[in-house]
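Trainee: I would like to work through this model with you, from its overall make-up to single residues. Could we go through it in questions and answers?

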Amino acid sequence: MNDIIKSALSFKELKRNTTKLTLPNNSQKTSYILIVDDSYTTLTLEKNILKSYNYNVITAVNGAEALKKLSLYKVDIIITDLQMPVMNGYEASRMIRALPD
């Protein structure tokens, strides 16, 4: 799991230190991973795994909540379920891709 996250983060040219992800220019800007899932069991499991590797994790239980979180945090990776109430992962992904960078 950690190799997958490292690989994805390398596209953003981020490096990991022992406490948080930081941009290479040492600006100390915190990076986040957003997990979107309506299953609290899955959400908690994924969150705990990522936090055990010192990643900063935020969570949402549906696509609509994920969009709200994206307005509050600079997210580098989104891990999402596809079948969720309120707004599913497909619709959330379409809306997220339409957001300006």
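This is a predicted model: local features need pLDDT of at least 70, side-chain atom pairs count only at pLDDT 80 or more; totals for chains, interfaces and linings use all residues.

Mentor: Residues are numbered from 1 along each chain as its sequence is written, and side-chain values use heavy atoms, with hydrogens and water left out.

Trainee: In what order do the elements of the chain run from the N terminus on?

Mentor: Helices (H or I, at least four residues) and strands (E, at least two) are taken as DSSP runs and numbered from the N terminus. On that basis the chain has four helices and five strands. Their order from the N terminus is α-β-β-β-α-β-α-β-α.

Trainee: Which three strands form the open sheet, and in what order?

Mentor: Two strands pair if DSSP finds at least two bridges between them. Strand β3 (residues 32-36) pairs with β4 in the parallel sense over four bridges, and β3 pairs with β5, also in the parallel sense, over five bridges. The edge strands, each pairing on one side only, are β4 (57-60) and β5 (75-80). The order in the open sheet is therefore β4-β3-β5.

Trainee: In β5, which residue is the bridge partner of Ile35?

Mentor: On the β4 side, Ile33 has Val57 as its bridge partner, and Leu34 has Ile58. On the β5 side, the bridge partner of Ile35 is Ile79.

Trainee: How many of the five residues of β3 are buried?

Mentor: Buried means under 20% relative accessible area, exposed over 50%, and partly exposed in between (1.4 Å probe, protein chains only). In the chain of 101 residues, buried residues make up 31%. Strand β3 is largely enclosed by the rest of the structure, because the number of its five residues that are buried is four.

Trainee: At about what angle does helix α3 run to β4?

Mentor: Axes are lines fitted to C-alpha atoms, for helices over the stretch in contact, and angles run from 0 to 180 degrees between N-to-C directions. Helix α3 (residues 63-70) lies across β3, β4 and β5. Its angle to β4 is about 140°.

Trainee: What is the C-alpha to C-alpha distance between Leu70 and Ile96?

Mentor: Leu70 is found in helix α3. Not counting residues up to four places away in sequence, Leu70 touches Leu34, Val75, Ile78, Ile96 and Leu99, where contact means heavy atoms within 4.5 Å. Leu70 and Ile96 are 26 residues apart in sequence, and their C-alpha to C-alpha distance is 8.6 Å.

Trainee: Which two residues form the aromatic pair?

Mentor: Rings of Phe, Tyr and Trp (its six-membered ring) pair if their centres lie within 6.5 Å, and planes under 30 degrees apart count as stacked, over 60 as edge-to-face and the rest as tilted. The structure holds one such pair, which is edge-to-face at 4.9 Å centre to centre with 65° between the planes. One partner lies in strand β3 and the other in the loop between α3 and β5, so the pair ties together parts that are 41 residues apart in sequence. The two residues are Tyr32 and Tyr73.

Trainee: Is Asp81 buried or partly exposed?

Mentor: Asp81 lies in the loop between β5 and α4 (89-98). Leaving aside neighbours within four places in sequence, Asp81 is in contact with Val36, Asp37, Asp38 and Gly89. With a relative accessible area of 23%, Asp81 is partly exposed.
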